[in-house]
Amino acid sequence: MKGVFVTDQFESSPVLTPDTPWSSPPKKLILGHDEVHVWRAALNTKESRIQSLRRTLTADERARAERFHFQKDRDQFTVARGVLRVILGRYLDVDPSRLRFSYSPYGKPSLERESGGGDLCFNLSHAGEMALYAVTRGREIGIDVEPIRTDFA
């Protein structure tokens, strides 16, 4: 399987390891059936960016964000979900706010067919102040990110 690794278009966060080939996304995203695109996004961003991403969320997603006790957690959920919408919107050439998700019994989101989901599959993971997104076609995919704790050997 080929891998195309691209940074997000929203933040200029540093590459975490010197051997990770992050690059900027092309203007037109083309995702072959044998490819996986991995995106990285910083979840700590300017308030203006948070507000912009909040406008892409559905009422359900905004309500879910509001259930977090701490503002930082509300903002990080908003950014993570908003960036997901922007990324998927670019692949589908659809306004991010028009995308609709359905959920598995375990809460994993997928695009509804009416949103252009078809064979586009994705997964996201976030921890600390970073989110990773994997996008592919025609197969289930998973991605995970975990913070490195320096207080453990």
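Mentor: I will cover the model and its confidence, then the pairs, then the packing.

This is a predicted model, in which local features need pLDDT of at least 70, side-chain atom pairs count only at pLDDT 80 or more, and totals for chains, interfaces and linings use all residues. Residues are numbered from 1 along each chain as its sequence is written, and side-chain values use heavy atoms, with hydrogens and water left out.

Confidence comes next. The mean pLDDT (the predictor's confidence in each residue, from 0 to 100) is 83 for the chain, and 86% of the residues score at least 70. Contact means heavy atoms within 4.5 Å.

Now the layout. The chain has three helices and six strands. Of the 153 residues, 44% are buried. Buried means under 20% relative accessible area, exposed over 50%, partly exposed in between (1.4 Å probe, protein chains only). Among contacts with a separation of 6 or more, 54% join residues 24 or more positions apart.

On to the pairs. Side chains of opposite charge can pair when their charged atoms come close. Here a salt bridge is a side-chain nitrogen of Lys or Arg within 4 Å of a carboxyl oxygen of Asp or Glu. The count by this rule is five.

Take arginine 85 and glutamate 61. Their side chains form a salt bridge at 2.9 Å, N to O. The two residues are 24 positions apart and link distant parts of the chain, with arginine 85 in helix 3 and glutamate 61 in helix 2. Arginine 85 is buried, at 0% relative accessible area. Glutamate 61 is also buried, at 4%.

Next come glutamate 140 and lysine 108, a salt bridge at 3.2 Å, N to O. This pair too links distant parts of the chain, 32 residues apart: glutamate 140 lies in the segment after strand 6 (130–137), lysine 108 in the loop between strand 3 (101–103) and strand 4 (109–111). Glutamate 140 is exposed, at 64% relative accessible area. Lysine 108 is partly exposed, at 27%.

A further bridge joins arginine 137 to aspartate 119, with the closest N and O atoms 3.0 Å apart. Arginine 137 sits in strand 6, while aspartate 119 is in the loop between strand 4 and strand 5 (120–127), 18 residues away. Arginine 137 is buried, at 18%, whereas aspartate 119 is partly exposed, at 28%. Shared partners also make a network: salt bridges join Glu61, Arg81 and Arg85.

Now the packing. Helix 1 (residues 47–54) has Ile50, Leu53 and Arg54 as its buried residues. They line one face of helix 1, because they fall within an arc of 105° seen down its axis. The arc is that of the directions from the helix axis to the C-beta atoms. These buried residues pack against helix 2 (59–66) and helix 3 (71–92).

The largest nonpolar core has 24 residues, and Leu88, Tyr91, Leu111, Leu120, Tyr133 and Val135 touch the most other members. Such a core is a set of buried Ala, Val, Leu, Ile, Met, Phe, Trp, Tyr and Cys residues joined through side-chain atoms within 4.5 Å. Strand 2 (35–42), helix 1, helix 3, strand 5 and strand 6 each supply at least two residues. Helix 3 gives the most, with nine. A second, separate core has nine residues, including Leu132, Ala134, Ile143 and Val145.

Look at valine 135 up close. Leaving aside neighbours within four places in sequence, its contacts include Trp39, Ile87, Tyr91, Leu120 and Phe122.

One backbone detail to finish. Aspartate 93 has a phi near 55°, a positive value in a residue other than glycine. Aspartate 93 lies in the loop between helix 3 and strand 3, and is exposed at 73% relative accessibility.

Methods:
Helices (H or I, at least four residues) and strands (E, at least two) are DSSP runs, numbered from the N terminus.
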